[in-house]
Amino acid sequence: MLPEVLTVRAMVLSVVMLLAVVLLLPTVRAVVTQQAELRELRSELSEQQEQKADLETELARWEDRNYVIEQARSRLRFVMPGDKVWRPLDTDSVQEEEPAPGVVEPSPGTSEDADAPWYTSVWDSVRIAGGE
């Protein structure tokens with residue numbers, strides 16, 4: 001009779017444990033999910049606070065008259081009275097001159113001796129640069 005009692009007790013204990021797991025599992029899952037959401041919201045809150053601080057700093061800059069003048073000059077291209085303004089007109093109509101096709105002639109002051117090796121022209125340029 002002793003083995004039957006152990007099996008009945010074991011069966012009752014296992015049913016109680018299974019019932020406890022079934023009842024507690026959703027609660028534990030909800031706690032874990034809420035903690036993850038809380039961490040997410042806290043990080044979002046810190047980002048929002050940093051953004052708020054940056055915006056307040058930007059707003060405080062606009063209280064400075066020199067900053068306002070600089071922004072008006074750079075963004076809106078305002079000028080102060082007495083400033084001389086240079087603005088190119090019709091820049092699209094300016095065309096660059098293209099080189100004429102043909103043989104490239106050496107510029108004046110270059111070595112006339114075309115048969116000289118390359119290192120002599122390098123040495124000549126070093127001497128000229130050195131002031132000899």
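The structure is a predicted model, in which local features need pLDDT of at least 70 and side-chain atom pairs count only at pLDDT 80 or more, while totals for chains, interfaces and linings use all residues. Residues are numbered from 1 along each chain as its sequence is written, and side-chain values use heavy atoms, with hydrogens and water left out.

Helix α1 spans residues 2-61 and includes Glu40; helices here are DSSP runs of H or I with at least four residues, numbered from the N terminus. Glu40 is exposed, with a relative accessible area of 57%, where exposed means over 50% and buried under 20% (1.4 Å probe, protein chains only). Glu40 belongs to a negative surface patch together with Glu37, Glu44, Glu47, Glu50 and Asp54. Patch members have over 30% relative accessible area and no salt bridge, with like charges joined within 9 Å and nonpolar side chains within 5 Å. A salt bridge would need a side-chain nitrogen of Lys or Arg within 4 Å of a carboxyl oxygen of Asp or Glu.

Leu24 also lies in helix α1 and is exposed, at 52% relative accessible area. With Leu19, Leu23, Val28 and Val32, Leu24 forms a nonpolar surface patch of about 490 Å² of accessible area together, by the Shrake-Rupley method with a 1.4 Å probe.

Helix α2 covers residues 65-75, and there Tyr67, Gln71 and Ala72 are buried. These three lie on the same side of α2, because they cover an arc of only 135° around the axis, taken from the directions from the helix axis to the C-beta atoms. Arg65 and Asn66, on the other side of α2, are exposed. After α2 comes Arg77, with a positive phi near 60°.

Definitions and conventions
Lys and Arg count as positive and Asp and Glu as negative; His and the chain ends are not counted. The place of a charge is taken as NZ of Lys, CZ of Arg, CG of Asp or CD of Glu. Helices (H or I, at least four residues) and strands (E, at least two) are DSSP runs, numbered from the N terminus.
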